[in-house]
Amino acid sequence: MITTCLRLASMVFLLTAATLANAETLLIHAGELLSVPGERPKSRQTIVVEGERIVDVVDGYAEPSAYGNDARVIDLSDRFVLPGLMDMHVHLQGELGPRNEKERLKMSSQLMQMRSAHFAMKTLLAGFTTVRDVGSSGEEMYALRDAINKAWIDGPRIIAAGGVGITGGHADISGVKPELMELWTDDSICDGPYDCRRATRNAIKYGADLIKITSTGGVLTDRATGTGQQMEMDELREVVQAAARMGRKVASHAHEEDGIIAALEAGVASIEHGTYTGPRAIKLFKETGAYLVPTLLAGKTVGAMAVEADFMSDAVKEKAIRVGRDMAGNFAKAHAAGVNVAYGTDSGVSPHGTNAEEALLMVEAGMTEMEVLVAATINAADLIDMSDSIGTIEDGKFADIIAVDRSPLDDIAELLEVGFVMKGGKVYKD
Ligand SMILES: [Zn+2]
């Protein structure tokens with residue numbers, strides 16, 4: 001017994017020593033630094049990083065000698081440095097395309113999991129250091145999230161949703177023969193408030209960081225069931241309440257305004273897509289403070305695929321063309337009216353790693369470059385309740401830092417070419 005304790009004690013000592021030895025001080029010399037999006041960038045700054053955290057930001061280029069023998073300089077004096085970007089709407093488990101049906105039949109869940117890790121890495125290397133995955137089969141995404149957090153594999157921080165959806169709704173299986181539908185119907189599918197209460201609790205039990213619901217129909221559901229409200233008010237309220245009791249927020253996919261309004265009235269924290277946000281929904285957004293996660297890139301992608309590709313059914317095509325056409329215009333009005341916006345792409349509909357293309361579409365829809373950066377950092381961090389640890393480059397936060405050649409405040413397209421990526425003090429790209 002005593003020997004075991006001693007052994008444990010010495011292991012703890014060795015681990016502590018190893019951790020300390022690894023916590024070298026890094027001095028990032030930033031030519032231009034946007035430490036807090038929304039405020040003016042500053043020239044010639046030094047970010048001091050110890051281990052996985054930022055410990056200081058100082059004026060001028062600090063000399064390593066002032067920080068002990070181990071300090072090392074990362075020279076970004078010719079770059080524009082900003083906080084790591086965050087995408088609040090990704091699907092790391094797949095990528096829309098003509099091979100999806102074959103993959104569904106032929107790809108093992110193990111291989112799919114390896115591919116998710118590959119997509120996660122593409123996302124990180126594009127400068128997105130945190131993502132919210134809102135629609136993969138739960139357990140695999142929780143495992144990927146946990147493996148990344150344990151530093152067993154590399155990838156962005158993942159906030160993973162557990163899905164709750166209704167029979168025949170957007171989250172349910174569609175487009176395959178009945179025998180396969182029966183086999184692939186997930187136990188997250190529920191009907192009526194009590195059943196949806198069970199499904200919500202069940203998702204949290206297995207590891208969901210938040211609950212994702214689909215209050216309206218969706219484009220990629222292979223049935224002509226529209227894009228209007230599908231979940232009933234009692235189901236929506238029940239999911240939000242059951243989630244809140246266990247400290248979880250709810251995100252709702254929604255296209256038509258009836259479903260946006262119903263979800264906001266039930267108390268969701270964010271509306272995903274929000275294609276037909278009109279004056280009544282805008283009023284509710286502003287009253288509740290909920291975020292709109294616009295996914296303009298998804299609208300553009302499915303709209304283009306419906307015309308150019310030939311793998312979509314007629315039911316899907318009709319919705320894709322309509323939503324693709326209407327999304328950006330309505331978003332422009334919602335933004336102009338002052339709705340809170342958090343950055344989100346629906347990557348997985350668009351190819352992983354192209355997440356920054358959303359920023360260009362947001363600017364086209366009338367946001368300033370600075371507003372886009374705020375949506376992709378400070379607002380996103382607020383939506384996932386992580387403002388204390390990410391979203392800005394400040395003392396005490398995780399060292400999630402990226403750099404581009406020139407200021408994205410002059411040209412947002414700079415975000416397409418992120419040249420330096422650090423997450424939690426580790427450099428992934430330079
Ligand atoms: Zn989505």
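## Two domains

The C-alpha centres of domain 1 and domain 2 sit 31 Å apart. Domain 1 is made of 19-84 + 392-429, while domain 2 covers 85-383; these bounds come from an automatic or database domain assignment. Keep in mind that this is a predicted model: local features need pLDDT of at least 70, side-chain atom pairs count only at pLDDT 80 or more, and totals for chains, interfaces and linings use all residues. Residues are numbered from 1 along each chain as its sequence is written.

## Where they touch

Domain 1 puts 20 residues into the contact, and domain 2 puts in 20 residues (contact means C-beta atoms, placed from the backbone, within 7 Å). On the domain 1 side, the elements giving two or more residues are strand 4 (72-83), strand 15 (420-423) and strand 16. That side splits into 14 nonpolar, 3 polar and 3 charged residues, where Ala, Val, Leu, Ile, Met, Phe, Trp, Tyr, Cys and Pro count as nonpolar, Asp, Glu, Lys and Arg as charged, and the others, Gly among them, as polar.

## The open sheet

Now for the strands (DSSP runs of E, at least two residues, numbered from the N terminus). An open sheet with mixed pairing is built from 7 strands, in the order 3-2-1-4-14-15-16; two strands pair if DSSP finds at least two bridges between them. Strand 3 (53-59) and strand 16 (426-429) are the edges, each pairing on one side only. Neighbouring strands in this sheet are turned by 35° on average, direction ignored, with axes fitted as lines to C-alpha atoms.

Inside the sheet, strand 1 (residues 25-33) runs antiparallel to strand 2 (residues 42-50), with 8 bridges pairing them. Leu27, for one, has Val48 of strand 2 as its bridge partner.

How values were computed. Helix = DSSP H or I, 4+ residues; strand = E, 2+ residues; numbered from the N terminus. Axes fitted to C-alpha atoms, helices over the stretch in contact; angles between N-to-C directions. Contact = placed C-beta atoms within 7 Å.
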